[in-house]
Amino acid sequence: MSSKLLYDKVIYCIVFVVVELSLIPTYGQQGRVTTNFDKNWKFYLGDIVGAEKLSFDDNSWRTLNVPHDWSIEGNYDSNNPTQRGGGYLPAGVGWYRKCFTMSNSDTEHSVFIEFDAVMANSDIWINGHYLGHRPMGYLPINYEITKYLKFNEVNVIAVRVDNSIQPASRWYTGAGIYRHVKLITTNPIHLERGSVFITTPKIEKNSAEVRISCSIINSSQNTCKIGFQTEIKSPSGQKIQSDYEMVTILAGDTIHSLQTVIISHPEIWDIQTPNLYCATTRIFNEKHLIDYELNKFGIRNFKFESKTGFWLNGHNLKILGACVHHDGGAVGTAVPASVWARRIQRLKQIGCNALRGAHTPMDQTFYNLCDSLGMLLLDETFDTWTAAKPNGEKAYNLYFKDWWKIDAKEAIIRIRNHPSIILYSLGNEIRDNLNSLEGRRYFLDLRSLTRKLDPTRPITMALFRPKQMRLFENGFSEMLDVIGQNYGEKGLIAVGAAKPGRKIIGTENTPSRSSWLVVRDTPAMAGMFIWTGFDYLGESDWPRIAWNTGLFDRNGNWKHLSWERQSWWTDKPMVHIVRRSKDLQNGYTDDWTPASPDSYRAEVIVYSNCDEVELLLNGKSLGIQSVPHDDSPNIWHIDYQPGVLKAIGRINGNEVANHEHRTAGEAHHIILETERTVLPYDWEEVAYLTATVVDMHGVRCPNILTDIKFNISGPGEIISIDNSDVFSHERYKANHRTAYKGRVIAIVRAIADNGTITVKAEADGLGSSNVTIKATR
């Protein structure tokens, strides 16, 4: 197969205009067709002989829609082979099958099946023909199935998922077809998958140069003359079209193109104004559309400097980041977009401006949301190379040698158009010997492939014990564009200062104040990524089933770390009271209702970014304190009295913020609240409902342990129930849960596009409470 560069042409567009229709080809709705393939799969939990065969009878199997995480549906058990890494949820083998038909009109097309991800060790068949195996559970899988299809007859896709090899991860992975599936039909002449790459190499005040490269495949038996064109649509809706180009492509050939378009007065992508352009690349045959692809991109520039850290669009910006795993708490790893959107918005509320996908490629929806919501992103490819890690000895290290090149390429080509991504990490705390020839070769090969696929972004690693490996002395750190290190902030700063030109960033950091102050006060330190943004499932010892030092709990509820970080990372005046006690699960609580109030001496902590804070108990001032410059909180030790505890934040003597807690009386009733009153009928859209046990005045009763039951009617379903307790072993796929800190959450999805969803929460002796949600298109 020959391969050649087609052209490199610059089209200068001074004014946003649309070329007259008479000058461009006409086209209808032909070309690429992408069909959602999520609905009506058959599922069987367990292994079974012959399930890949077309004739296999699956009538007794469960019918469901994907994305689907079957592990989150199971029971917690200390004997489950996933152990601490997988959060003690089930592992094993599962099968999926789906029947479908193809029209005779598709016989001249190329047909592909694409899974956004399958966890893990998947084997896939079409009509009994084996398509392939894939160990990696975090990346898309794409197979062409054209020659195996039966047109106007029943076809069957069969998928075997094997998670029985354990322990396979240091955190919860989920199990099954947990991301979306699509069927893609194209003309034999089509854009090569993942080949469209958009860059903005030159950005000035009044113009920006946009380059669009792509590859076009001719898998037909004929030499053809084709035309192609790229149209760019600005965030404000204006359009620019490239010249319409013609070229001859030989049978079985692949050609490569490069277009350059000048955009005048570009709308810049930034964390405050995340403007996105849309580029549509189209291929024509005799002026009929035969393929197209849409890609969003942003126009922005950034750089890392050795003395001043990170710069975005000409502004020096401290990266205030958090690490996140790919699970969504109670929904497991089949995470709707609205769950990610809610999480990102929570983090932005406390001043977070960057995320690190730890330690794997994330869902495509996650990248889209980082783009649209203005969140910077450090993307990480691998958690292991060949050396195993404790509590995940049978992870990707078993497959790295055979699969790294395929997986690394897939990881990069699917995300390189996302403006949110500013840094690639090739590995997290890699245990391979980076001083050995083999370890260096793995790194250099990975770096070379990453730079070939995307030369526009710097490369780092989250280094593991770099001093022990002498990585700062043997030249290894100089092979990184930006030196990344987990923890040890002071040591990293010393490394940066030891040699001119070294650029440094904290790739993983504790949420401690000492870590923050080192980053805050060192201009050379580009930023930090707190471990973690949210509590996550796994990586905990029984009876604990989740990591609980996130800035937010796994359902997005605020914690003391949330308010503390908000006081450090935001300028909008805020003040918040928490109470500290050694007998609490994480040492802090957000209330003024101690479980044992008699002779209770309270440690009251107030977080604020104001000049000073005054604390009052039942209207009596307990003193005014200046907010320390070292970002430590204001602390009072007081004898407990029931009533109202209030904090007032002042700037220049003026009250600008306040917060108060009231002592709860006896549990009286339940309040059920929903964050959304309108819910689109879409798998990606869910609503969080919170049932709270309150006293007769509506004050939350944090010490109540009552069981709360949920019922739903109308066009909706409850997909999960949770309480955020890291010691709770109750099932998520249930209709009741024990209250923790006086709360239980229910996650609801619409199952039709019209009607009223009614959800009721009730508990013995506390009555019930209802909310209604309107289901829409």
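Okay, let's start with a term: a salt bridge here is a side-chain nitrogen of Lys or Arg within 4 Å of a carboxyl oxygen of Asp or Glu. The idea behind it is that side chains of opposite charge can pair when their charged atoms come close. Keep that in mind, and remember that what you see above is a predicted model.

So, the layout. The protein is divided into domain 1 (33–183), domain 2 (191–297), domain 3 (302–567), domain 4 (574–662) and domain 5 (667–775).

Now, how many salt bridges cross the interface of domain 1 and domain 5? The rule finds 0 there. Search the whole structure, though, and you get 43. One of them joins the side chains of Arg 346 and Glu 675, at 3.6 Å from N to O. Arg 346 sits in helix α1 (residues 337–349), while Glu 675 is in the loop between β42 and β43, so this pair, 329 residues apart, links distant parts of the chain.

Next, the second largest pocket. Where does it lie? Domain 1 and domain 5 both give residues to its lining, so the pocket lies between them. Its volume is about 710 Å³. There are 26 lining residues, and the closest to the centre are Asn 65, Pro 67, Trp 683, Glu 717 and Arg 749. By class, the lining has 12 nonpolar, 4 polar and 10 charged residues. Strands β4, β46 and β48 each supply at least two of the lining residues, and β46 gives the largest share, 3 residues.

Most residues other than glycine have a negative phi, and most peptide bonds are trans. Here, a cis peptide bond joins Met 119 and Ala 120, with omega about -5°, and Ala 120 is in the loop between β6 and β7. The bond from Gln 166 to Pro 167 is cis too, with omega near 0°. As for phi, Arg 470 has a positive value of about 60°, and Lys 741 has one of about 55°. Look for Lys 741 in the loop between β47 and β48.

Technical notes
Residues numbered from 1 in each chain as written. Predicted model: local features only at pLDDT ≥ 70, side-chain atom pairs only at ≥ 80, totals over all residues. Heavy atoms only, no water. 1 Å grid on protein atoms, 1.4 Å probe; cavity = no way out; pocket = protein on both sides within 12 Å on 5 of 7 lines; lining within 4 Å. Points joined across faces, edges and corners; volume = space filled by probe spheres on them. Helix = DSSP H or I, 4+ residues; strand = E, 2+ residues; numbered from the N terminus. Nonpolar A, V, L, I, M, F, W, Y, C, P; charged D, E, K, R; others polar. Domains from an automatic or database assignment.
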